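Please look over the notes below with the model open beside you.

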Amino acid sequence: MKLPKVTIYDKYIFNQVLMATCVAILLFIIVWIAPEMLLNTIKKTLAGEYGVKTAAWVLICELPKILGKAFPAGLLLGTLFTFDKLSKDSELTIFRAVGLSFKRIVAPVVVLSLFGTYLCFLTADKLIPFAADKMEKIKGYAQSTQFIYTQKDKDGFPTQTVVVSKSRIKELYNVIVLDFSNEVYSDVHQLSNIYYAKKGEVLDDKWVLYDISRYQITKDGIFENIQKYDKMSVLNEQTAQNAYTLMAYSTKKEREINNKNLRNYVKLLKSEGMDEEYRFMLNKYLQRFFHPFVCILLAIMGCLLGFSKPREQRVVGFAIAIGCIVVYYITLPFFDLLAEKGVLHPLITSTFPLIAFIAAIVAFYKAKEL
């Protein structure tokens, strides 16, 4: 099968759209990073919290998160600007007069958007997690968010709960362990022991706690004895590994986890019966694969909005483009919530924006009578 021949037209349109897209992406980054992020970094640098090198790394590490949003927006605005200019200069009229169909005209744009799709996917899978890991090193890996893990028996009743107040990589601080008895009163599980450990560590096959105080609880709900221990183990074998994975990812946003680890995390949430978290993360995982294709759809939409009559107001097309970008990113959290609460299946919530853009493209195509 022969590949389509690359013509002078293809090179011309490709280069024009590429330059306009790069400018749009640069402007998007400047607008996004300038107001608050840059100001906070400068303040911390002047206050002595960051050195010049650290401040530069902080700004660099923020770029991948912006690029994930900048690629689709840049392609939309870049293609819109280019095709609007071609329309005003009557170049599109000439292309149509020599027999080029709409599909042939936008072919170079689709090729460029495929590169944008790949870069968008690569940014989410590699660059953003790498930047997040670098930021953790700068901040020292300290996690102050409380983590709670509950072991359950085969009937779903709790047997032990581990509460970690603070962690640093595999070091634990201020750990509370609650042992549950077999007795249940009015749907409340009776405690048999409470352990408090000042420190602990996560090993491959268990969690080990140090400097422990044990409080024995009577059936009346009061403690009757206090004992001291130097060391004890909790959460053995696979349970220890699962609990550490949940703790490590509990303070992370999904964008800070690469695709492979996010897939394993989704499976773990399902096996642990954490339904809301499972549905939310499954939705975000599916978005990793569907979101990059928005680059192609927005690029085609930009071409359609750029097709206009010589005296037609260009502000209309740019207003629609900006509106599409704003609506897309504003509604994403809404669909995340629908998936998390089980209102819609994550497969529906993750693909709905693409379906909406396809419908909009068909509507614009018919309205333009191309």
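**Notes on backbone and helix packing**

1. Glu237 sits in helix 5, which covers residues 237-250. The model is a predicted one. Glu237 has a positive phi of about 55 degrees, although it is not a glycine. Most residues other than glycine have a negative phi. Please check this residue in the viewer. Its relative accessibility is 53%, so Glu237 counts as exposed, the cut-off being over 50%.

2. Helix 5 itself has the expected length. Its 14 residues reach 20 Å from the first C-alpha to the last, close to the 20 Å expected at 1.5 Å a residue. Which residues of helix 5 are buried? They are Ala240, Asn242, Ala243, Leu246, Met247, Ala248 and Tyr249.

3. Asp211 is not a glycine, yet its phi is positive, about 55 degrees. Is Asp211 buried, exposed or partly exposed? With a relative accessible area of 41%, Asp211 is partly exposed, because the value falls between the 20% and 50% limits.

4. Now the helix pair. Two packed helices are described by the angle between their axes and the distance between the axes. Helix 7 (residues 275-290) packs with helix 10 (residues 346-368) at an angle of about 35 degrees. Their axes are 8 Å apart. The crossing of helix 7 and helix 10 is right-handed.

5. Who makes this contact? Helix 7 contributes Arg279, Leu282, Asn283, Leu286, Gln287 and Phe290. Helix 10 contributes Pro346, Leu347, Thr349, Ser350, Thr351 and Leu354. By class, the contact of helix 7 with helix 10 has six nonpolar, five polar and one charged residues.

6. Helix 10 bends by about 40 degrees at Phe352. A proline, Pro353, follows within four residues. What of the overall span? At 1.5 Å a residue, the 23 residues of helix 10 should span 33 Å. The end C-alpha atoms of helix 10 are 34 Å apart, which agrees.

7. The buried residues of helix 10 are Pro346, Thr349, Ser350, Thr351, Pro353, Leu354, Phe357 and Ile361. Which helices do they pack against? The buried residues of helix 10 pack against helix 7, helix 8 (294-306) and helix 9 (315-340).

8. One last backbone point. Glu369 follows helix 10, and its phi is positive, near 55 degrees.

Notes
Residues numbered from 1 in each chain as written. Predicted model: local features only at pLDDT ≥ 70, side-chain atom pairs only at ≥ 80, totals over all residues. Heavy atoms only, no water. Axes fitted to C-alpha atoms, helices over the stretch in contact; angles between N-to-C directions. Helix = DSSP H or I, 4+ residues; strand = E, 2+ residues; numbered from the N terminus. Left-handed = near helix turned anticlockwise from the far one by under 90°. Contact = heavy atoms within 4.5 Å. Nonpolar A, V, L, I, M, F, W, Y, C, P; charged D, E, K, R; others polar. Expected span 1.5 Å × (residues − 1). Bend = angle between axes of the 7 residues up to and from the residue. Buried < 20%, exposed > 50% of the residue type's maximum accessible area, 1.4 Å probe, protein only.
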